[in-house]
Structure formats: structure tokens, C-alpha cells
Amino acid sequence: MRTTTLRLYSLEYKQAKTYLAVALFVAGNILLPQLCHLVPQGGIRWLPIYFFTLVGAYKYGWKVGLLTAIVSPLVNSALFGMPAVLLKSVLLAVAAGYAAMYFRKASLLLLVAVVLFYQVVGTLGEWIMVGDFYKAVQDFRIGLPGMFLQIVGGWLFINHIIRK
């Protein structure tokens, strides 16, 4: 049986690799939502805007995640009129970057914890900002497939697809 070591990075703002990674993850966060929106309720069901933010923050550090979390929703909003989901994106980037830095591994259980953290705290924040509990819990009512995709797909991406 062969074992391999998972490589997690913590890129700095002064590195060109940081901005290359951010550009790739932002592109993914623009393309994936467009694909999902081809299906009715695809965006709110699959929560695609968060996928590459999770992968970027976990694999390359919170700085890549934070830049991706801020730029992706703003670009999507400017290009396609989608709502800018900054609160949850930033919470996800910070949580994923912290989990990767602290635990130095990407297990399904850790990704469950990261996704639940940003969703629960983000939902509370949305409830405070919007004042509508029913609208704030939309991700838990409709977006469970998207959370599952983030956990399982994120784990696959981090551990097997972008190994280096």
C-alpha cells in the first residue's frame, strides 16, 4: 500500500503564485455558478460560488482564500447581477485556511466542520442583516446538495486532483 503526503501551502501576498492561484479559483467561481444556473434553482441548490473559495483557502492558505472570497462574488455580481455573498465567502476562507494551518490535513470530518461553521455563523449574520429567518436559512432548506458537494468535492480536489 502506497501512502502519499498531502501538501498544503500558505502563500503570501507578495508572491506571484498567490495571484495566479486566486485568478484560477476566481475563474472557477465564475464558471461553476454559470453552469449551475443552467438548471432551475441550480445556484441556490448547489452553492457553487463557495466551492473554489474552500479549495483555494484550504490548499493554498487563508490569504488566497480571502482574496478569492472577496473577488469572486464581486465579479459575479458585476458581470451577471448575482448577489454578492461576501459574509459567507469570507467566513469560509478564514475557517478553511485556519483548519488547514492548524490540522495540516484535509479529512472529510474537517471539511464538514468548516462548511458547518461558515454556514451557521453566516446564516446568523444574514438573519441579523436581512431580518428574515426563513430567507437566512435558505442554504439549509435548499442548499444541502451544495454543502455535500463542497465537502466531498472539496476533499477530492484538495487530496487528489491538485496534489502539488
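Which helices each supply at least two residues of the lining of the largest pocket? In this predicted model, they are α2 (42-46), α5 (86-103), α6 (108-130), α7 (133-136) and α8 (138-142). The largest pocket holds about 580 Å³ of space. Its lining is made of 23 residues, and those closest to its centre are Tyr50, Pro83, Val85, Glu126 and Gln138. By residue type, the lining divides into 15 nonpolar, four polar and four charged residues. Such spaces can be found by a simple test. Rolling a probe the size of a water molecule over the atoms shows where empty space is left.

Helix α5, one of the helices that supply the pocket lining, was examined along its length. It has 18 residues. From its first C-alpha to its last, α5 reaches 25 Å, close to the 26 Å expected at 1.5 Å a residue. An α-helix has 3.6 residues a turn, so residues three or four places apart point the same way.

Arginine 104 follows α5. This residue is found in the loop between α5 and α6. Its phi is positive, about 55°, although arginine 104 is not a glycine. Is arginine 104 buried, partly exposed or exposed? Its relative accessible area is 49%. Buried means under 20% and exposed means over 50%, so arginine 104 counts as partly exposed.

Glutamine 41 also has a positive phi, of about 60°, and is not a glycine. It lies in the loop between α1 (16-36) and α2. The relative accessible area of glutamine 41 is 45%, so this residue is partly exposed.

How far apart in space are leucine 156 and alanine 106? The two are 50 residues apart in sequence. From C-alpha to C-alpha, they are 9.5 Å apart in space.

Note on methods:
Residues are numbered from 1 along each chain as its sequence is written. This is a predicted model: local features need pLDDT of at least 70, side-chain atom pairs count only at pLDDT 80 or more; totals for chains, interfaces and linings use all residues. Side-chain values use heavy atoms; hydrogens and water are left out. On a 1 Å grid over the protein atoms alone, a cavity is a set of points where a 1.4 Å probe fits but cannot get out, and a pocket is an open set with protein on both sides within 12 Å along at least five of seven lines; lining residues have an atom within 4 Å of a point. Grid points are joined across faces, edges and corners, and a volume is the space filled by probe spheres set on the points. Helices (H or I, at least four residues) and strands (E, at least two) are DSSP runs, numbered from the N terminus. Ala, Val, Leu, Ile, Met, Phe, Trp, Tyr, Cys and Pro count as nonpolar, Asp, Glu, Lys and Arg as charged, and the others, Gly among them, as polar. The expected span of a helix is 1.5 Å times one less than its number of residues. Buried means under 20% relative accessible area, exposed over 50%, partly exposed in between (1.4 Å probe, protein chains only).
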